[in-house]
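Trainee: Please guide me through the surface and the salt bridges of this structure.

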Amino acid sequence: MNELSIEAQKVKAALEAKNLETPLCRMAMDNTERKAKIESHFREIMKLMELDLSDDSLAETPHRVAKMYVNEIFSGLDYHNFPKITMIENKMQVDEMITVRDITLTSVCEHHFVTIDGKATVSYIPKASVIGLSKINRIVEFFSQRPQVQERLTQQILVALQTLLGTVNVAVSIDAVHYCVKARGVKDANSVTTTTSLGGGFKTNPSTRQEFLRALKHY
């Protein structure tokens with residue numbers, strides 16, 4: 001397998017240093033073997049649920065789940081899938097807040113393996129470089145594609161962007177609906193969880209903090 005990109009290596013090391021990396025126990029196997037094992041185990045789970053795997057609607061479900069886990073909804077566990085990052089020299093000397101609002105995200109709660117559905121807002125104040133705007137969305141997507149808790153997801157996005165941008169002046173806020181709350185347990189369909197992680201001036205400068213909070217309210 002190809003080596004990790006420089007950006008992926010830097011972000012991974014930064015998260016590990018801050019104890020923010022997703023808890024992992026690495027196994028020496030390729031994705032083909034991984035999917036085969038997941039398919040086999042999921043087939044056994046379905047049997048324990050007394051589902052008829054000979055039915056044409058269910059027969060391919062273990063294969064679909066294995067493919068979905070590895071290639072899609074948990075692809076962010078593999079840093080080889082870290083997005084290609086475009087950094088641009090800050091020739092215009094931009095020193096005001098840049099915000100990308102309402103970034104859609106879908107993740108999976110690591111406690112119950114059900115959906116987290118939400119939106120993120122990310123702001124930063126450039127230093128030597130600015131980042132391609134779509135790359136912010138890609139970074140949110142990458143860290144969402146893991147079993148997650150929202151608090152860690154928020155901080156992972158913050159630290160990744162601080163590392164790539166070379167500045168602590170980054171802020172991240174996420175509003176999300178957790179289906180472990182909506183679809184089971186208390187079954188509250190209306191509650192929304194908000195988490196915020198602030199760095200640099202967004203934490204220490206009251207006016208910068210307020211500017212970010214106003215951006216969250218869209219005015």
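Mentor: Buried means under 20% relative accessible area, exposed over 50%, and partly exposed in between (1.4 Å probe, protein chains only). This is a predicted model, in which local features need pLDDT of at least 70, side-chain atom pairs count only at pLDDT 80 or more, and totals for chains, interfaces and linings use all residues. Residues are numbered from 1 along each chain as its sequence is written, and side-chain values use heavy atoms, with hydrogens and water left out.

Trainee: Is Lys12 buried, partly exposed or exposed?

Mentor: A salt bridge places a side-chain nitrogen of Lys or Arg within 4 Å of a carboxyl oxygen of Asp or Glu. Lys12 meets Glu16 in such a pair at 2.7 Å, N to O. With a relative accessible area of 24%, Lys12 is partly exposed.

Trainee: By how much of a helical turn are Lys12 and Glu16 separated?

Mentor: Helices are DSSP runs (H or I, at least four residues), and strands likewise (E, at least two), numbered from the N terminus. Because Lys12 and Glu16 are four residues apart in helix H1, their separation is about one helical turn.

Trainee: How many residues apart in sequence are the parts tied together by Glu110 and Arg152?

Mentor: Glu110 forms a salt bridge with Arg152, the closest N and O atoms being 2.9 Å apart. Glu110 lies in the loop between S2 and S3 and Arg152 in helix H5, so the parts they tie together are apart in sequence by 42 residues.
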